[in-house]
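Thanks for coming, everyone. I have one structure to walk through today. Let me put it on the screen.

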Amino acid sequence: MAVNGSRESQLPTLEAAFADAAQAERAVAQLQQHGVDGDRISLEGGPPVNGFRPSISRLFDSVATCCGRESVGILLTGMGRDGADDLLRLRERGGFTIAQDRESSVVHGMPGAAIDIGAASQVLPADRIAAALLTEFAR
């Protein structure tokens, strides 16, 4: 199922489904509690992580474990600090990480927490993130 038809990146953006293959040149949106198990997307009904379900921390943690430097993590507007520590872990394993800047965020809690601990390779306004991905992967 297409989540958005991005005119910026030309990447298909899909809602993750159970046992989908994790693959290059495809963006996956987390609309449920997702993780990555090996090279497959998993859906789980487990307890909240950091008080949230779905939790972006769970997704970032599993991606850092399985994919390391072949991964991307983007933390957008949101309350609290869900995702910050695991975005840092993803970056420490060589992944490319982005946090949304304060000016374009509705609520800067999650991206702000990630920026504060050095988890973001880049801090960008929302409308420049797709271009940054294209630049990064053109290398």
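First, the ground rule for naming elements: helices (H or I, at least four residues) and strands (E, at least two) are DSSP runs, numbered from the N terminus. Take Gly112 as a case: Gly112 sits in helix α3.

Next, what we are looking at. This is a predicted model, where local features need pLDDT of at least 70 and side-chain atom pairs count only at pLDDT 80 or more, while totals for chains, interfaces and linings use all residues. Residues are numbered from 1 along each chain as its sequence is written, and side-chain values use heavy atoms, with hydrogens and water left out.

Now the overall layout. The protein chain has four helices and eight strands. Read from the N terminus, the order is β-β-β-β-β-α-β-α-β-α-β-α.

Burial comes next. I call a residue buried under 20% relative accessible area, exposed over 50%, and partly exposed in between (1.4 Å probe, protein chains only). Of the 139 residues of the protein chain, 39% count as buried. The accessible areas come from the Shrake-Rupley method with a 1.4 Å probe, and for residues only the protein chains shown count as cover. The protein chain exposes about 7,800 Å², with carbon and sulfur atoms supplying 52% of it.

Contacts, then. Contact means heavy atoms within 4.5 Å. Among contacts in the protein chain with a separation of 6 or more, 52% are between residues 24 or more positions apart.

Let's go to helix α1. The helix covers residues 56-67, which is 12 residues. The expected span is 1.5 Å times one less than the number of residues. For α1 that should be 16 Å, and the end C-alpha atoms are 16 Å apart, which agrees. Its buried residues are Ile56, Ser57, Leu59, Phe60, Ser62, Val63 and Ala64. As background, an α-helix has 3.6 residues a turn, so residues three or four places apart point the same way. Just after α1, Gly68 takes a positive phi of about 45 degrees.

Stay in α1 and pick out Ser57. Ser57 is buried, at a relative accessible area of 2%. Which residues does Ser57 touch, leaving aside its neighbours within four places in sequence? They are Val49, Asn50, Asp82, Gly83 and Asp86. The C-alpha atoms of Ser57 and Leu87 are separated by 7.5 Å, at 30 residues apart along the chain.

Over to Gly73, in strand β6 (residues 72-75). Buried or exposed, this Gly73? Buried, with a relative accessible area of 0%. Beyond its neighbours within four places in sequence, Gly73 is in contact with Phe60, Leu87, Leu90, Phe96, Thr97 and Ile98. Gly73 and Ala119 are 46 residues apart in sequence, and 9.8 Å apart C-alpha to C-alpha.

Back to Gly112 for a moment. Gly112 is buried, with a relative accessible area of 8%. Its C-alpha atom is 7.7 Å from that of Ala99, 13 residues away along the chain.

Now the side-chain pairs, salt bridges to begin with. The rule is a side-chain nitrogen of Lys or Arg within 4 Å of a carboxyl oxygen of Asp or Glu. By that rule there are two salt bridges. Arg89 and Asp61 form one of them, at 2.1 Å, N to O. That pair links distant parts of the chain: Arg89 is in helix α2 (residues 84-92), Asp61 is in helix α1, and they are 28 residues apart. Arg89 is partly exposed at 22% relative accessibility, and Asp61 is partly exposed at 27%.

Asp85 and Arg81 also form a salt bridge, with the closest N and O atoms 2.8 Å apart. Asp85 is partly exposed at 45%, and Arg81 is partly exposed at 41%.

Aromatics now. Rings of Phe, Tyr and Trp (its six-membered ring) pair if their centres lie within 6.5 Å; planes under 30 degrees apart are stacked, over 60 edge-to-face, and the rest tilted. The count is one aromatic pair. Phe96 and Phe137 make an edge-to-face pair, 6.5 Å centre to centre with 85 degrees between the planes. Phe96 lies in strand β7 and Phe137 in helix α4 (residues 129-137), so the pair ties together parts 41 residues apart in sequence. Phe96 is buried at 8% relative accessible area, whereas Phe137 is exposed at 53%.

Last stop, the surface. Patches are made of residues with over 30% relative accessible area and no salt bridge; like charges are joined within 9 Å, nonpolar side chains (Val, Leu, Ile, Met, Phe, Trp, Tyr) within 5 Å. Met79, Val106 and Val107 make a nonpolar patch of about 330 Å². Val106 lies in the loop between β7 (96-100) and α3 (109-116). Val106 is exposed, with a relative accessible area of 75%.
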